[in-house]
Amino acid sequence: MTSAGARKLTVVIVDDSSSVRSVLRRFLAQAADIQVIGEAADGEAAVELVERLRPDVLLLDIVMPQLDGFGVLARLRRDRPVPTILLTSRADRSEVRSAFQAFGSGAVELLPKPEDPDSWHLLAETLPAAIRAAAAARVTVLAAASAVPLPPRPPLSPRAGREFTCLAIGASTGGPAAVRDLLAALPAPAPFPILVVQHIAAGFEGGLAEWLASTLGLDVRVALAGEQPGPGAVRIAPGGSHLRLGADGRLELDRLTPPQRGHRPSADELFRSLDNGAAQRVVAVLLTGMGTDGAEGLRDLRRAGALCCAQDEASSAVFGMPRAAIELGAAELVLSPSAIGLEIARRLRETR
């Protein structure tokens, strides 16, 4: 709900299907604080519409005639970047991998195009919240950062790396690009497993893993229950399951514990599983995102002796989760994702 006279969030919908546009417009009409101010059926018209209307959020189909969604983002990035939610099919794996590449060029969220009645109902429930989160994103930061080449990975002494046994990362809106930048700054392979909770629509975790693996040349996969990931392995929490690291070093997936602050997987659940008497050998990082998930778990880990980091405001797409952690005193380091990775690498080189 929105109070009388309060400014509504404005949205432009772009999709080559008139029926899809109609359904999306109907969904958003139910949110009192959101207003659809325009729609387009192709990319060329979308660019003109965004430049003229200057919406808070662009809801953008990827596959369109004349100019596809990636082309739209490339054009807008030069002149008028706008927080963008991409719509794509989960079935097209190459399209999904390409969609993640758009993070950092204006895209801050990825949602599935519904393929059955249940998924349409789910989109109706989740879309308004996604619009609100996207509207808070700083796409000028993301657009500038995407043009910066990934830093070379620092060398690591064979004797280094005994200080840390695990790196845990929590992220939400704008997180894929931040996770990529952090991982790119670490030694390859890292001398510990890396566990990631990224809030994202269920079914896109595999695409995120494939994109990170192809971009960084790392062993990145969706986590499996009972797996014992080795050094350098990056494992991403699957949708609908809390990810934990057991005392025996094996991964645990929990679909029964309720969502924490609306999220399953939850960064808090991952962080708390590492507070097991050996937290002083853990690194935990909370990256960009809306809300407070992960802040309390990070605070508890810092109290237990872990190295705890939060993304700084200047580099965050949405400075919600990191801000909450900083306000709780949970972060020893507050830096950009690349700088966090480089600092971890520096400490590894100093370890003997």
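Visitor: Is strand S3 mostly covered or uncovered?

Guide: A residue counts as buried under 20% relative accessible area, as exposed over 50%, and as partly exposed in between, with a 1.4 Å probe and protein chains only. In S3 (57–61), five of five residues are buried, and the strand is mostly covered. This is a predicted model, where local features need pLDDT of at least 70, side-chain atom pairs count only at pLDDT 80 or more, and totals for chains, interfaces and linings use all residues. Residues are numbered from 1 along each chain as its sequence is written, and side-chain values use heavy atoms, without hydrogens and water.

Visitor: Which way do the residues of S3 point?

Guide: In a regular strand, side chains alternate between the two faces of the sheet. Here Val57, Leu59 and Asp61 point one way, while Leu58 and Leu60 point the other way.

Visitor: How many bridges join S3 to strand S4?

Guide: Strands are DSSP runs of E with at least two residues, helices runs of H or I with at least four, both numbered from the N terminus. Two strands pair if DSSP finds at least two bridges between them. Four bridges join S3 to S4 (residues 84–88), and the two run parallel. Leucine 59 faces isoleucine 85 of S4.

Visitor: What joins S3 to S1?

Guide: Four bridges do, again with parallel strands; valine 14 has leucine 60 in S3 as its bridge partner.

Visitor: In what order do the strands lie?

Guide: Five parallel strands form an open sheet, ordered S2-S1-S3-S4-S5. Strands S2 (34–40) and S5 (107–112) are the edges, each pairing on one side only.

Conventions:
Contact = heavy atoms within 4.5 Å. Axes fitted to C-alpha atoms, helices over the stretch in contact; angles between N-to-C directions.
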